[in-house]
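Subject: Structure handover and notes

Dear colleague,

I am passing the structure below on to you, together with my notes. Please read the remarks on confidence before looking at any single region.

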Amino acid sequence: MTLAPQHAALAAPVASLQGVSHRHGKTLALDGVRLDIPSGCMVGVIGPDGVGKSTLLSLLSGVQVVQSGRIRVLGGDIAERGHRDMVCPRIAYMPQGLGKNLYPTLSVTENVDFFARLFGQDREERSERISALLQRTGLSPFPDRPAGKLSGGMKQKLGLCCALVHDPDLLILDEPTTGVDPLSRRQFWELIEDIRRERAGMSVIVATAYMEEAERFDWLVAMDGGKILATGTPAELRARTGTDNLDSAFIALLPEDKRKGHTDLEIPPPADNQGTDDEVAIEAEHLTMRFGDFKAVDDVSFRIRRGEIFGFLGSNGCGKTTTMKMLTGLLAATEGTASLFGSPVDPKDIDVRRRIGYMSQAFSLYSELTVRQNLDLHARLFRMAPDRIDQRIEEMLHRFGLADVVHSLPDALPLGIRQRLSLAVAMIHAPDILILDEPTSGVDPVARDSFWQILADLSRKDRVTIFVSTHFMNEAQLCDRISLMHAGKVLVSDTPAAIVERRGADNLEAAFIAYLEDAMGAASNRPAEQIAADPAPAPQEAPVLRRSAFDLRRMFAYTQRETLELRRDPIRATLAILGSVILMFVIGYGINLDVDNLTFAVLDRDDTAFSHDYALQIAGSRYFIEKPPIRDYQDLDRRMRSGELSLAIEIPPGFGRDVERGRGSAQIAAWIDGAMPTRAETVQGYVQGIHAAWLQEKARALYGESASRGSFQLAIRYRYNPGVESLVAMVPAVIPLLLMMIPAMLAALSVVREKELGSIINFYATPVSRLEFLLGKQIPYVALAMINFGMLVAFAVMVFRVPLTGSFLTLALAALIYVISATGLGLLISSFIRSQIAAIFATALITLIPAVQYSGMIDPVSSLQGAGAVIGQIYPTSYFVTISRGTFSKGLAFGDLIGSFIPLLCAVPVLLGLGTLFLKKQAS
Amino acid sequence: MRAANVLQLGIKELRGLLRDPVMLILIVYSFTLSIYAASTAMPENLNHAAIAVVDEDQSPVSSRIITAFTPPYFVVPKLVTQQEMDRRMDSGLETFVLDIPPNFQRDLLAGRSPTIQLNVDATRMTQAFTGGGYVQSIVSGEVSEFLDGYRGASASPVDLVLRARFNQQLDKGWFGAVNEVIQSVTMLSIILTGAALIREREHGTIEHLLAMPVTPTEIMLGKVWSMGLVVLLATIFSLVVVVQGWLAVPIQGSLLLFMAAAVLQLFATTCMGIFLATVAGSMPQFGLLMMLILLPLEVLSGGMTPRESMPQIIQDIMLAAPNTHFVILAQSVLFRGAGLSVVWPQFLALAVIGSLLFVFSLRRFRKFLR
């Protein structure tokens with residue numbers, strides 16, 4: 001801003017684009033852009049949401065892959081990886097959205113520290129820079145506050161700290177001040193100006209939706225529909241269009257068809273003093289809302305007359321939304337009262353809501369319902385008479401210009417039309433009061449003007465009272481009266497003109513800033529003073545390019561951050577630490593192959609010593625529990641149907657006699673409940689065994705011991721698990737399964753989560769390499785998995801009483817190698833997946849199926865065939881199952897298991913290599 | 001509370017579901033292919049079991065035994081030495097090793113009752129147990145056939161006639177199919193309602209709803225009836241078309257009675273879905289929570305392995321889960337043809353658990369909305 005525009009035009013371009021087009025799916029975000037951006041000055045990219053500003057900036061920063069065209073940044077082609085790697089430490093990029101690239105659970109210092117580490121600064125340099133930056137931005141009083149708990153303005157300042165920590169030559173800021181209060185906004189720009197003064201060569205490229213801000217930039221790029229409308233200094237743009245402000249200039253620059261229908265917004269003055277107009281529509285008296293210690297709204301009072309447009313002006317998080325929720329009865333006020341048309345708002349009284357139309361922040365209608373379905377649903381929920389609904393919907397469609405899009409889904413509509421739909425929905429039941437929470441943020445000026453035209457009509461013609469919140473000054477200007485709000489307090493309420501006049505300010509923004517400064521007192525001035533007082537930091541040397549192929553510091557930056565984040569997320573931490581133990585418990589007891597406590601009963605038609613003896617033989621086995629005898633067939637049928645009996649035995653009359661005579665005609669009938677076939681098979685086996693044993697015993701008793709020719713014995717030795725206990729068999733196989741699934745899932749989530757939340761951008765925009773990123777993220781999960789391993793083994797030995805007969809160290813070493821593979825596999829999976837929910841399911845499938853089916857848990861790998869055998873031979877679980885069983889049950893040590901260690905070790909470099917190969921260092 | 005609002009809110013959910021291809025695919029898959037797969041892919045107990053033989057006899061009878069082990073139950077036996085045997089078992093290559101002693105045939109014919117040793121790797125439970133029985137009967141069969149040339153058959157004095165009721169062939173596919181239907185009912189009702197609530201929260205529409213004259217009870221019931229209905233219809237389709245038609249599994253009892261129970265079960269599980277969604281807050285957390293809740297619910301409810309073999313404490317705890325009662329009831333009705341006179345305790349339990357879950361979830365849901 002200090003540089004003359006002429007200077008800017010002369011300098012060699014910091015970036016130039018030629019024929020750059022970019023598509024996001026079907027939408028064309030940039031359309032053949034050709035542009036030279038002058039260096040060493042402050043460049044603004046202006047235009048509403050969705051015109052391609054963000055795409056342009058992310059391409060310039062090298063975060064996004066160039067699809068077509070050529071982009072040169074800082075003297076090289078940004079599409080070339082070598083050049084990107086070289087200039088990356090010279091570029092800083094701050095993405096759109098409040099605190100988008102910050103980590104909300106990390107503190108202020110931890111956030112900046114993380115970025116400093118990524119740029120390879122040592123401890124001393126880091127702490128020096130961090131304290132200097134926090135001081136300048138006025139964040140030094142809150143070094144330990146989590147980033148998520150900062151106000152919008154503070155978040156953006158912190159974002160700037162993170163961006164500036166490595167002294168970039170090119171600073172790219174995407175809408176850094178949207179949603180931030182005007183004072184913070186001014187401080188933000190002062191800070192940038194200040195830094196530019198120190199680092200004269202630094203170029204700054206900013207996207208903004210605030211035209212007032214753009215007035216102060218050196219050079220502007222006006223964009224619409226993926227195309228450049230015009231470039232030049234603000235003065236040039238105004239002169240070219242013959243307008244006196246950038247807002248009008250921008251509208252004038254729009255192509256003919258977009259301007260069509262745009263008329264200068266006229267809001268007639270309120271028809272004042274006509275008797276009934278003194279009727280108060282909304283009244284708030286001393287409204288206060290506390291959330292714990294935090295006062296979101298502090299003693300707010302105002303009165304709004306019927307038919308008035310009343311504006312609430314303030315930054316994000318100042319209490320606007322909370323006040324609105326109290327007015328609508330969504331929240332009960334802690335103190336004070338709100339009343340509508342003289343009757344107090346009672347959150348329990350649902351009928352109050354029928355007098356209000358509420359349009360919440362952003363677009364919040366059902367995107368899965370069509371325009372008409374949305375209107376219809378709301379009409380019905382507001383209990384409109386069914387015969388009037390269709391007529392009213394037609395009326396709304398017509399009035400709000402939605403007739404052409406009746407059957408479209410909201411997501412397919414442009415933002416401006418969606419906002420009109422929201423308004424139509426809020427108006428469907430013809431309320432007396434409309435409460436609109438930031439209705440036009442992100443809407444282009446033409447659509448915004450037409451939106452306000454509708455509001456004006458509603459207010460003046462239909463005498464609807466409109467309560468609207470905004471953080472745009474030019475919208476506030478349109479209201480009849482406004483309240484300036486900050487930190488839960490109303491600073492002043494009056495007509496916009498009167499407010500400006502009272503402060504003797506040039507415009508509303510200046511007046512607001514003056515009020516803010518009063519409210520915050522000396523505190524707000526401190527950072528500014530310090531900027532002036534502090535001598536410029538150590539003289540700038542040419543940035544040393546600390547670029548090594550692998551930097552431990554960068555890797556550990558990710559390790560440390562991941563650990564901190566995990567510690568602060570209760571659900572993920574629970575899964576990480578307790579998940580595997582819970583699952584082992586469930587599987588250990590649930591997938592139990594011991595079948596015992598089986599119920600049986602006897603229908604004894606013989607009732608002799610022999611038949612009693614037979615029943616006793618069964619009752620005496622440890623598998624069966626005898627129930628009262630069966631009386632007849634009906635009884636048998638009923639009791640088996642209810643599931644009371646698993647086995648019913650019928651002993652025929654004359655059984656004892658037949659046995660005694662040794663005649664082969666006696667028949668015992670056994671009915672088995674076949675509902676659960678596995679159990680039935682086991683029962684079958686037991687009964688046959690018991691029967692055979694009984695016969696042998698009887699034979700021996702009757703005929704004496706005389707072995708005949710041809711008899712032999714089959715001695716079964718159950719090795720490794722002499723009791724043939726299910727747990728002893730299951731547990732050593734379940735440990736590998738759990739140590740595969742959960743660590744893989746957590747590792748996959750850790751990357752995909754960053755993709756979903758947007759902080760992956762830091763990986764794209766900083767010099768951290770792919771391997772550093774992956775290893776850094778992997779380390780905490782390997783450590784966690786080892787803790788899990790320890791817990792599982794302890795649980796197995798102490799709770800399940802499965803003896804560990806072999807070498808624990810061998811098992812632990814194998815576990816370490818194995819969990820490195822498991823987390824590596826998770827990271828590999830994460831490179832293909834975008835959403836967390838997909839990562840959960842995909843990892844579960846990819847790990848569970850091979851681990852359960854092909855890794856020797858049930859069938860040994862040696863008995864598998866075809867694809868299953870191939871998977872079994874390469875999947876690391878196979879080898880860890882062998883080692884786990886070997887050490888747990890077979891008493892083996894390292895020397896016996898070396899054959900399984902080698903393939904296990906081989907998996908590690910393969911998985912990590914593939915993960916690194918497939919991970920992208922740019923957004924596509 | 002107004003029934004019209006509940007109806008409208010439910011219709012809105014149904015319309016939303018219609019436009020969610022992922023959920024629709026999940027529903028269709030869970031009630032068709034997944035059931036087919038569970039029914040046909042129930043693992044046979046013995047499949048290519050790894051066996052080796054140490055043949056120290058090298059006689060006609062020993063080679064007869066060796067050739068009797070054939071796929072698909074067993075792999076073709078490898079001939080190993082005694083030293084190899086230990087090593088191969090240690091490294092998990094073999095599940096069974098049969099050791100036929102020297103002079104086995106001679107001793108057998110001489111009536112000296114020789115002993116064959118069967119080594120079983122008992123860390124492989126499934127194979128060890130059933131496989132052991134198979135090996136035993138194969139060896140006995142071969143030996144007695146071999147001996148048939150030497151002596152006539154003798155009859156055993158008492159016959160045991162075994163009959164399996166309700167599933168004569170002990171076809172595991174029947175069990176697998178019906179069990180999968182039960183699991184799908186639980187899984188989908190929780191996922192659908194939970195996801196519907198989280199989606200509303202993530203899109204900010206829940207706040208919008210609250211500004212309208214509707215109560216939390218109405219919002220919750222709207223989700224409960226609509227998602228419950230979807231799962232109920234899918235269950236009917238799946239039982240009639242997939243289970244009875246495609247897989248030809250005979251169903252013994254009254255479908256109507258089963259459906260009545262399914263309604264109660266759905267009431268309980270949809271409420272549980274709402275509850276979990278209020279705890280989780282975001283879709284990924286919901287996914288993680290599901291893993292920790294759904295698995296115990298399915299595994300420990302008695303649908304996979306018999307309840308009576310679980311430790312008493314787990315059996316008692318699981319009585320609080322609706323699944324346990326639903327599984328008992330479904331097995332009684334669908335397999336054993338039990339009537340209301342038999343299963344009324346389960347109906348009662350489901351109704352009580354469902355009501356408690358509803359009250360509990362509603363309280364949680366109200367708090368969540370603030």
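The notes below cover confidence, domains, strands and the contact between the chains.

This is a predicted model, in which local features need pLDDT of at least 70 and side-chain atom pairs count only at pLDDT 80 or more, while totals for chains, interfaces and linings use all residues. Residues are numbered from 1 along each chain as its sequence is written, and chains are lettered from A and ligands numbered from 1 in the order in which they are written.

On confidence, pLDDT is the predictor's confidence in each residue, from 0 to 100, and chain A averages 83, with 91% of its residues scoring at least 70. Helices (DSSP H or I, at least four residues) and strands (E, at least two) are numbered from the N terminus; in chain A the highest mean, 94, belongs to helix α30 (residues 808-830), and the lowest, 43, to helix α20 (residues 522-533). The pLDDT stays under 50 over residues 522-544 of chain A, a stretch with 20 contacts beyond four places in sequence, where a contact means that the C-beta atoms of two residues, placed from the backbone, lie within 7 Å. Where pLDDT is low, the predicted coordinates should not be read in detail.

The domain assignment, whose bounds come from an automatic or database source, divides chain A into domain 1 (5-257), domain 2 (279-367 + 431-520), domain 3 (598-703) and domain 4 (728-918). The centres of domain 1 and domain 3 of chain A, taken over C-alpha atoms, are 85 Å apart. An unreviewed UniProt entry annotates residues 15-250 and 282-512 of chain A as "domain: ABC transporter", although such annotations may be inferred rather than shown by experiment. Residues 15-250 of chain A are 37% helix and 26% strand.

Strands count as paired if DSSP finds at least two bridges between them. In chain A, four strands form an open antiparallel sheet in the order β2-β1-β4-β5, with β2 (27-38) and β5 (76-77) of chain A as the edge strands. Strand β1 (residues 13-24) of chain A is joined to β2(A) by eight bridges, and H22(A) has L30(A) as its bridge partner.

Between the chains, 103 residues of chain B are in contact with 108 residues of chain A. Strand β25 (residues 713-719) of chain A and strand β4 (residues 115-121) of chain B run parallel and are joined by seven bridges, with D121(B) as the bridge partner of R719(A).

Best wishes
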